[in-house]
Amino acid sequence: MRITNKMMINNSIYWLSKQAERLSDAEIVSASGQVINKPSDDPAGAAKILEYRSAISKYDQYQTNIDQANTYIETGENVLDSVDSLLDEAIDYATEMASGAGDYTETYLSSIKDIYNSIIDLANTTYGSDYMYGGTDTDSTPFSDEIALSSGSADIGFYLGDDASTVTFTIYDSDGNECGTYTTSGTAGSNTLSWDGSVTLEDGTTTTLSDGDYTFGITASDSSGNAIASSCYQGDDGDKTMYISDSSTIKINRTGGEIFTEALSAISQLIAGLETGDDETIESCASAATESLDTALDNIKTERVALSNIYASLDVSSDRVDALSELLSEKLSAIETGDTTEAAVELSAQETAYEIATEAAAKILNLPKLSDYI
Amino acid sequence: MSSISSAMNTALSALQAQQILINVANSNIANASTDGYSRVTAVASATNTSSTSSSSYTGTGVEVTSVSRVSDSYTLKQLCSANADAGESSAELEYLEDIEAVFDESEGSGLSDALSEFFTAWEDLANDPAGSTERSVLVSDAQGLASTINEMYEDLEDVQTGIDDDISQTVDDINGITEQIADLNQKILQATASGIDTSTYEDERDSLLTELSSKVKVAYYEDDSGQINVQLSNGKSLVSGSTSHDLGVTTNATTGLSDVTWLDSDGDEVVITGSISGGELGGELDARDTVQDYMDDLDALAASLIEQVNALHETGIDADGNAGVAFFTGTGASDIAVNDSIVNDADLVAAASSTDSSAIAVAIAGLEDTKVAINGTSATFEEYYTSLVSKIGTEVENTTSSSETQSDLVTYYENYRESVSGVSTDDELANIVLYQNVYEAAAKVMSVLDELLETMINI
């Protein structure tokens with residue numbers, strides 16, 4: 001091939017600029033500390049980076065969920081522990097009352113009313129801004145016996161331990177005077193009564209109450225007259241679900257009705273007995289309530305076991321999520337930053353190559369020409 | 001006597017011929033660095049012998065019979081074809097890199113991040129469905145996601161509009177070049193007729209052909225009169241003799257983008273956008289289609305996001321106990337936005353179902369890992385977006401390497417052409433030394449003849 005001066009210069013320029021480009025690539029890798037600075041540097045690697053980043057952020061979220069669930073469960077455990085002790089206390093009273101209350105009727109009444117109110121308070125515990133035991137409805141007080149009758153109607157929530165053919169509401173006015181009763185039926189679980197304000201008086205006549213604030217007491221029985229546990233639960237049967245991994249969720253029971261109705265119902269029974277002031281009634285109520293209180297205590301214990309099971313499984317999940325997140329972080333940094341030693345070696349290799357290219361270009365530009373000798 | 005005077009004529013022809021040869025070499029050296037210059041060679045040949053008899057053969061001297069450009073039309077054709085490919089891939093690469101910049105996630109902020117944050121906000125809300133902080137964080141993350149999608153779409157639109165402007169520019173460039181080629185054709189025709197040297201015009205025309213082929217793929221041939229006719233690869237004539245046909249640009253009524261047109265002999269515009277290939281123009285048209293693909297892909301992602309999130313949200317119940325409204329408004333990437341009423345009142349976020357306070361929030365958060373139908377494929381939003389990032393990455397990577405190969409090929413043909421047509425100052429100098437020697441010798445002969453003549457006269 002015939003070589004001309006222009007060819008030599010063109011070639012020098014071509015290789016110089018090519019070498020400069022390679023040097024600049026190596027410099028970017030070293031300076032940024034990242035092997036992949038744009039998707040085209042390594043399309044598959046860039047895709048992996050996105051995948052790992054979003055997986056890591058997901059694991060972080062699972063960890064947050066798990067931490068939250070843990071706190072939630074610990075709070076729940078504290079509530080149930082207190083209810084547990086209160087029920088133990090109530091059982092002691094009931095056992096004593098089974099052999100008569102005598103002169104202590106009033107003392108018993110106030111103690112047991114205290115227990116009732118304490119359990120209501122505990123069942124109305126809030127976590128953050130939410131009621132813990134109101135099911136889906138986290139805004140309204142789960143256990144409340146207040147009724148606001150307005151325009152001749154009011155919705156009353158209640159909870160039944162089993163299907164009941166007779167559910168009797170005793171309505172009291174704001175001064176605590178009984179205004180009459182209202183009878184309906186209901187199914188096991190949460191119920192809502194759309195009440196029109198009508199009550200049946202003691203003499204069997206019916207009247208409609210005027211708008212205003214009232215409170216209510218509730219009792220229920222099946223068709224054979226057996227008492228059914230009931231409570232003034234305003235919430236629903238919803239649970240709380242949390243994602244703790246891609247595929248698994250945990251459910252935390254929030255249905256206060258299910259957890260507390262048996263206990264509240266049994267204690268109401270004691271109170272009703274004591275309020276009659278009649279020793280015989282007190283004794284029979286107390287012995288019936290003892291049985292219900294045992295069942296209630298069992299319910300609470302079962303719930304506590306369920307919580308501790310979730311707690312244990314959360315622990316395992318937390319460890320797993322931590323391990324996975326760490327593993328992915330390592331992989332991510334391996335892809336993103338590559339091997340720093342390799343980058344440093346590459347940079348110095350390209351620097352040397354560039355030096356050689358410039359030297360060669362300088363030599364070519366200074367090559368002797370025929371004119372030097374003629 | 002006659003033999004001395006004829007010998008003097010022979011010596012004179014040698015002196016004259018060497019002067020022409022030195023002039024040619026001189027002119028070559030002068031143009032050693034001129035772009036597109038083809039070196040010129042002069043052919044000297046012995047003049048006809050004039051002999052009275054074959055036994056007394058003597059030469060009559062030398063004359064320069066032709067001065068011609070050294071050029072290789074085959075190499076020029078190869079160079080033009082390589083130029084068309086290189087022009088196409090380098091133009092395409094430029095715009096693909098613009099698209100790539102829109103999808104660049106190397107800093108960790110982008111759509112992928114915005115998607116993650118959006119779904120994370122739903123999970124946080126699921127943990128505390130009544131929390132007002134969680135609600136407002138969700139609304140602002142959702143706005144962030146929507147505006148990220150809007151911005152990416154707008155950026156792609158900007159790239160597309162930029163390409164459209166460049167297409168008009170390239171069409172103008174092409175028209176300028178074809179006009180010059182037609183003009184040179186005319187000059188060459190006239191010069192040839194009057195016997196004037198056309199090398200300079202031909203060099204210029206070759207350069208223009210090379211430049212034209214880097215703008216758009218063309219085919220050309222030289223007719224009997226030495227004029228070059230140029231056609232687009234679809235057969236539409238750009239230069240025919242001394243006439244050039246202009247390309248034009250009109251706005252496509254459907255796409256709102258530019259169409260390339262060609263004026264037929266009746267002066268009517270014929271749309272030829274689809275049949276243009278190669279060169280910068282071909283690369284620009286290809287890249288514009290590619291941008292459209294990515295815009296459509298992003299659109300499909302946004303449409304699916306709107307559809308899936310709204311479908312779940314509308315079955316939910318908000319914090320005031322009302323049925324959920326549409327979470328996102330809009331139909332695609334250009335107009336996706338968080339419903340104004342939700343922006344104004346975060347309580348309208350429907351996190352609950354009728355039985356569970358956080359069911360809808362959990363379900364929407366769960367969309368992050370759910371394969372949904374997007375653009376005929378089934379993928380999670382993240383997977384779909386990641387596939388776009390890796391697709392543009394691969395396209396840029398492939399185009400970079402093909403662009404490098406093409407430009408190497410151009411360099412190879414340029415070198416080859418230079419090897420044939422370029423000036424080597426060493427060659428020319430060596431020749432000049434030779435011509436100088438011959439000149440000196442012929443002058444010596446002249447002086448000897450002069451002495452001979454003087455001797456004769458002094459007899």
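Trainee: Which helix of chain A gives the most to the negative patch?

Mentor: Helix H5 of chain A, residues 279-337, with five residues. Keep in mind that this is a predicted model.

Trainee: Which residues gather in that patch?

Mentor: Asp67(A), Asp315(A), Asp319(A), Asp322(A), Glu326(A) and Glu330(A) form it on the surface. Take Asp315(A) as one of them. Asp315(A) sits in helix H5 of chain A.

Trainee: Is Asp315(A) buried, partly exposed or exposed?

Mentor: Buried means under 20% relative accessible area, and exposed means over 50%. Asp315(A) has 46%, so it counts as partly exposed.

Trainee: Now salt bridges. How many does the structure hold over all chains?

Mentor: First the general idea. Side chains of opposite charge can pair when their charged atoms come close. Here the structure holds 22 salt bridges over all chains.

Trainee: What does the salt bridge of Asp85(B) and Lys217(B) link?

Mentor: Their side chains meet at 3.9 Å, N to O. The pair links distant parts of the chain, 132 residues apart. Asp85(B) is in helix H2 of chain B, residues 73-102. Lys217(B) is in the loop between helix H5 (199-215) and strand E3 (218-222) of chain B. Asp85(B) is partly exposed at 27%, and Lys217(B) is partly exposed at 30%.

Trainee: Where do Lys187(B) and Asp183(B) lie?

Mentor: Both lie in helix H4 of chain B, residues 132-193. They are four residues apart, about one turn of the helix. Lys187(B) is partly exposed at 35%, as is Asp183(B) at 41%.

Trainee: Which residue forms a salt bridge with Glu280(B)?

Mentor: Lys215(B), with the closest N and O atoms 3.5 Å apart. Glu280(B) lies in helix H6 (residues 279-313) and Lys215(B) in helix H5 of chain B, so the pair ties together parts 65 residues apart in sequence. Glu280(B) is partly exposed at 25%. Lys215(B), at 11%, counts as buried.

Trainee: Which residues are linked in a network of salt bridges?

Mentor: Glu77(A), Asp81(A), Asp84(A), Lys301(A) and Arg304(A).

Note on methods. Residues are numbered from 1 along each chain as its sequence is written. Chains are lettered from A and ligands numbered from 1 in the order in which they are written. This is a predicted model: local features need pLDDT of at least 70, side-chain atom pairs count only at pLDDT 80 or more; totals for chains, interfaces and linings use all residues. Side-chain values use heavy atoms; hydrogens and water are left out. Patches are made of residues with over 30% relative accessible area and no salt bridge: like charges are joined within 9 Å, nonpolar side chains (Val, Leu, Ile, Met, Phe, Trp, Tyr) within 5 Å. Accessible areas come from the Shrake-Rupley method with a 1.4 Å probe; for residues, only the protein chains shown count as cover. A salt bridge is a side-chain nitrogen of Lys or Arg within 4 Å of a carboxyl oxygen of Asp or Glu. Lys and Arg count as positive and Asp and Glu as negative; His and the chain ends are not counted. The place of a charge is taken as NZ of Lys, CZ of Arg, CG of Asp or CD of Glu. Helices (H or I, at least four residues) and strands (E, at least two) are DSSP runs, numbered from the N terminus. Buried means under 20% relative accessible area, exposed over 50%, partly exposed in between (1.4 Å probe, protein chains only).
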